[in-house]
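Dear colleague, please find below some notes on the structure shown here.

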Amino acid sequence: MIGIIDYGMGNLHSVEKALVKLNAQTLIIQKPAQLAELSALVLPGVGAFDPAMQRLSEGGWVLPLQQWVEQQKPLLGICLGLQLLFESSDEGCLPGLQLLAGKVAPLPLIPGEPIPHMGWAPLELTASNSLFVPGSTPDWMYFVHSYAAIPVDPSCITAYAPYGTSKVVASVGRGALQATQFHPEKSGNAGLLMLRRWLQTLP
């Protein structure tokens with residue numbers, strides 16, 4: 001059973017619909033007490049960093065999520081759910097979940113590039129992991145974001161996406177902890193294939 005965390009700031013139903021389409025058993029959860037029923041978690045997110053962390057804190061999620069990851073149980077973060085894994089964000093002042101070292105910063109100001117970064121972009125893979133197939137044709141994924149992660153340890157970066165003359169972190173991963181800045185549930189067949197590969201790694 002895969003739990004989709006409902007803390008009031010996630011794109012829950014699109015994520016649930018995509019996973020159900022892949023024949024996964026899902027459960028939208030509102031309380032950490034429900035974790036005992038689950039084998040994997042999805043942390044979605046749409047909105048700003050501080051309100052999200054405030055809701056996670058008020059819901060009693062911070063310590064249970066940290067313990068979940070420490071126990072090497074599968075967690076997939078999506079969009080804001082990726083950013084919340086880090087220590088802090090320039091978007092606010094509250095600490096993040098501190099599951100990965102680093103911070104979240106505004107997208108660089110590049111002439112001709114709008115903020116937020118919205119639309120389709122190809123992935124530039126950096127390492128083999130449970131979400132992507134090395135050496136394959138670049139997958140195009142759908143992005144909507146104004147901030148991007150800057151990990152302390154670049155070895156956790158599993159893909160970049162181009163952004164004008166620069167590039168931004170598109171996904172990160174370390175063991176059972178995986179996350180994407182893009183929205184796989186809005187990325188058509190490419191997103192579904194990525195979610196299928198994630199599902200195939202679950203216990």
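1. Strand β5 runs parallel to strand β6 (residues 102–106), and 2 bridges join the two; strands are counted as paired if DSSP finds at least two bridges between them. Within this pairing, Ser89 has Val104 of β6 as its bridge partner. Helices (H or I, at least four residues) and strands (E, at least two) are DSSP runs, numbered from the N terminus.

2. This is a predicted model, in which local features need pLDDT of at least 70 and side-chain atom pairs count only at pLDDT 80 or more, while totals for chains, interfaces and linings use all residues. Residues are numbered from 1 along each chain as its sequence is written, and side-chain values use heavy atoms, with hydrogens and water left out.

3. The open sheet to which this pairing belongs has 3 strands in the order β5-β6-β10, with mixed pairing. Because β5 (88–89) and β10 stand at the edges with a single partner strand each, one side of each is left without a neighbour in the sheet.

4. In helix α1 (residues 12–21), Leu12, Val15, Ala18 and Leu19 are buried, where buried means under 20% relative accessible area, exposed over 50% and partly exposed in between (1.4 Å probe, protein chains only). Seen down the axis of α1, the buried residues fall within an arc of 140°, so they line one face of the helix; the arc is that of the directions from the helix axis to the C-beta atoms. His13, Lys17 and Lys21, on the other side of α1, are exposed. The buried residues of α1 pack against β1 (2–5), β2 (26–29), β3 (40–43), β4 (75–78) and α5, contact being defined as heavy atoms within 4.5 Å. Asn23, which follows α1, has a positive phi, near 65°.

5. His183 is located in the loop between β13 (177–180) and α5, and with a relative accessibility of 4% His183 counts as buried. Its side chain makes a polar contact with the side chain of Glu185 at 2.7 Å; such a contact is a pair of N or O atoms within 3.5 Å, and within protein one must be able to donate a hydrogen and the other to accept it, residues adjacent in sequence counting only if both atoms are side-chain atoms. Leaving aside residues up to four places away in sequence, His183 touches Gly45, Val46, Ile78, Cys79 and Tyr142.

6. The count of salt bridges comes to 4, each being a side-chain nitrogen of Lys or Arg within 4 Å of a carboxyl oxygen of Asp or Glu. Among them is the pair of Lys167 and Glu124, at 3.3 Å from N to O. Lys167 lies in strand β12 (residues 166–174) and Glu124 in strand β8 (residues 124–125), so this pair ties together parts that are 43 residues apart in sequence.

7. A salt bridge also links Asp139 and Arg197, whose closest N and O atoms are 3.8 Å apart. Since Asp139 lies in the loop between β8 and β9 (140–145) and Arg197 in helix α5 (residues 188–200), the pair ties together parts that are 58 residues apart in sequence. Asp139 counts as partly exposed at 21% relative accessibility, whereas Arg197 counts as buried at 19%.

8. Asp153 and Arg174 likewise meet through their side chains in a salt bridge of 3.0 Å, N to O. Here Asp153 lies in the loop between β10 (147–151) and β11 (157–163) and Arg174 in strand β12, so the parts tied together are 21 residues apart in sequence.
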